[in-house]
There are 2 protein chains.
Amino acid sequence: MAVTKQAGGRPAGERVHRAAVKLFATKGFHGTGIRDLAKAANLSSASLYHYMPTKERLLADIMRTSLQSLLDAATGELDGVDDPVERLDRLVVLHVTRHAREPMRTRVVDNEVDALTPASRRDVVGIRDAYEKLWSDAIDDGLRSGVFTTTRPATTRLALLDMCNGVARWFSPGGELGRSGLADHYADLARRMVGAPPRQPR
Amino acid sequence: MAVTKQAGGRPAGERVHRAAVKLFATKGFHGTGIRDLAKAANLSSASLYHYMPTKERLLADIMRTSLQSLLDAATGELDGVDDPVERLDRLVVLHVTRHAREPMRTRVVDNEVDALTPASRRDVVGIRDAYEKLWSDAIDDGLRSGVFTTTRPATTRLALLDMCNGVARWFSPGGELGRSGLADHYADLARRMVGAPPRQPR
DNA sequence: CCGAGACGATCAATCGATCGATAGACCCGA
DNA sequence: TCGGGTCTATCGATCGATTGATCGTCTCGG
């Protein structure tokens with residue numbers, strides 16, 4: 001059942017998915033009509049429904065798979081790493097790198113949560129909570145072992161995540177700092193915030 | 001011409017404004033219909049148009065006045081303060097306090113920028129740029145006088161602002177940290193990020 | 001000749017916005 | 001103190017346009 005192609009070169013299902021990410025990110029879920037979606041995917045609005053059950057389910061799928069992939073990557077990245085400082089470093093670098101590489105997708109995940117139906121929202125928020133627990137644990141471990149010095153770890157975690165999420169709002173590949181340079185800088189900022197020693201002590 | 005009141009106790013124009021802030025913040029601009037707006041303001045959808053020229057202009061007015069008030073407050077707060085550390089402290093405390101006191105209004109300002117028409121957007125972004133310049137200047141001054149140690153001041157400013165903006169997404173008055181406690185904690189975080197000495201050196 | 005992929009036409013519902021009308025408060029001249 | 005005129009606030013009804021979604025039909029490779 002070799003997937004049929006067309007003008008765009010990509011299979012239609014993928015075109016729909018990509019168009020949805022771009023449009024939901026720039027105009028918002030409610031600001032995007034299925035006709036916009038169809039035009040961006042080079043399809044009629046009727047054909048769209050061969051690739052999605054519903055506009056809302058398309059959004060939910062995008063958010064669910066994006067978040068799940070982030071959670072999986074983070075779990076893998078942390079596997080076998082014991083040093084809390086290294087754990088936090090890796091979380092920040094992964095998070096920032098992803099947000100800089102796919103700002104559109106990330107913006108959808110971060111901003112469109114309450115366009116979801118209650119059922120979809122439960123799923124999505126569940127994955128997000130699991131991901132954020134990795135951050136909480138890293139901070140708690142660092143505090144327990146004495147490498148971090150911060151009062152209010154819960155609030156600091158929120159500040160940390162908000163700071164890293166912001167990258168998706170403004171990052172542009174043409175900037176003075178590339179993706180990896182940016183990630184390193186953010187890792188430094190994170191260390192400072194939790195009171196961990198800087199990367200190369202000298 | 002004493003402003004007429006009604007069930008809500010408040011004048012109708014203010015009810016419209018408040019309802020718009022709450023609905024735009026929770027359901028988004030495009031997710032809010034004028035009938036939702038009318039219901040929340042205890043008016044018919046027709047009467048709504050005595051208090052706003054257009055749904056989009058209502059949004060623009062909310063954003064413009066909110067941002068202008070923030071800019072004015074910040075300018076006043078900084079007046080006569082020379083020490084860069086103190087300047088940054090005041091910016092953070094003001095910003096965080098406002099975001100915690102009026103999270104709804106802030107969420108509208110932060111998230112609905114691209115629901116505006118190009119003309120409105122120019123106005124709003126202009127005010128926002130002026131506000132953010134206060135932050136840039138504070139950081140640059142601190143660097144020039146040697147109290148701050150951070151490479152990439154531009155990126156650090158963005159990280160700082162994103163961190164502080166996040167407060168509006170999750171703050172709840174019932175939390176363990178009150179508004180002022182939260183603001184103080186964020187001021188500490190900001191000092192750490194720019195490499196300034198902590199608040200009470202001992 | 002069948003099924004997947006595509007479409008134009010169209011559905012009911014809702015959208016933002018406007019209409020003409022009404023009820024009541026206020027002012028001013030007689 | 002009355003009466004008429006004006007103005008503000010409000011509404012039900014309705015406008016044309018657009019929304020998300022569905023229908024039946026066509027096409028074409030296997």
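Q: What pattern does chain A follow when read along the sequence, and how many helices does chain A have?
A: In this predicted model, chain A reads along its sequence as α-α-α-α-α-α-α-α. The C-alpha atoms of the chain occupy a box of roughly 60 × 40 × 35 Å along the principal axes. With zero strands in chain A, the number of helices is eight.

Q: How far apart do the C-alpha centres of domain 1 and domain 2 of chain A lie?
A: The domain assignment divides chain A into domain 1, covering 1-52, and domain 2, covering 55-194. Contact between these domains involves 15 residues from domain 1 of chain A and 11 residues from domain 2 of chain A. The separation of their C-alpha centres is 28 Å.

Q: How many salt bridges are counted between domain 1 and domain 2 of chain A?
A: The area that domain 1 and domain 2 of chain A bury between them is about 1,300 Å², and carbon and sulfur atoms account for 77% of it. A salt bridge requires a side-chain nitrogen of Lys or Arg within 4 Å of a carboxyl oxygen of Asp or Glu. Between domain 1 and domain 2 of chain A, the count of such pairs is zero.

Q: Which parts of chain A are tied together by the pair Arg157(A) and Glu132(A)?
A: Over all chains, the structure holds 30 salt bridges. One of them joins Arg157(A) to Glu132(A), with the closest N and O atoms 3.5 Å apart. Because Arg157(A) belongs to the helix spanning residues 153-170 and Glu132(A) to the helix spanning residues 118-144, the pair links parts that are 25 residues apart in sequence, namely helix H7 and helix H6 of chain A.

Q: How much area is buried between chain B and chain A?
A: The contact draws 32 residues from chain B and 32 residues from chain A. Of the area buried between chain B and chain A, carbon and sulfur atoms give 54%, and the whole amounts to about 2,500 Å².

Q: Which residue of chain A meets the side chain of Glu176(B) in a salt bridge?
A: Between chain B and chain A the count of salt bridges is two. In the salt bridge formed by the side chain of Glu176(B), the N to O distance is 3.7 Å, and the partner is Arg152(A).

Q: Which helix gives the most residues to the lining of the second largest pocket?
A: The second largest pocket holds about 340 Å³ of space, and its lining includes Glu14(B), Arg18(B), Lys22(B) and Met104(B). Two helices of chain B, H1 (12-27) and H5 (103-111), each supply at least two residues of that lining. With eight residues, the helix that gives the most is H1(B).

Q: How many residues in the lining of the second largest pocket are charged?
A: Domain 1 (1-52) and domain 2 (55-194) of chain B each provide at least three residues of the lining of the second largest pocket. Divided by class, the lining has five nonpolar residues and one polar residue, while the number of charged residues is six.

Note on methods
Residues numbered from 1 in each chain as written. Chains lettered and ligands numbered in written order. Predicted model: local features only at pLDDT ≥ 70, side-chain atom pairs only at ≥ 80, totals over all residues. Heavy atoms only, no water. 1 Å grid on protein atoms, 1.4 Å probe; cavity = no way out; pocket = protein on both sides within 12 Å on 5 of 7 lines; lining within 4 Å. Points joined across faces, edges and corners; volume = space filled by probe spheres on them. Helix = DSSP H or I, 4+ residues; strand = E, 2+ residues; numbered from the N terminus. Nonpolar A, V, L, I, M, F, W, Y, C, P; charged D, E, K, R; others polar. Domains from an automatic or database assignment. Contact = heavy atoms within 4.5 Å. Buried area = accessible area lost by both parts, 1.4 Å probe.
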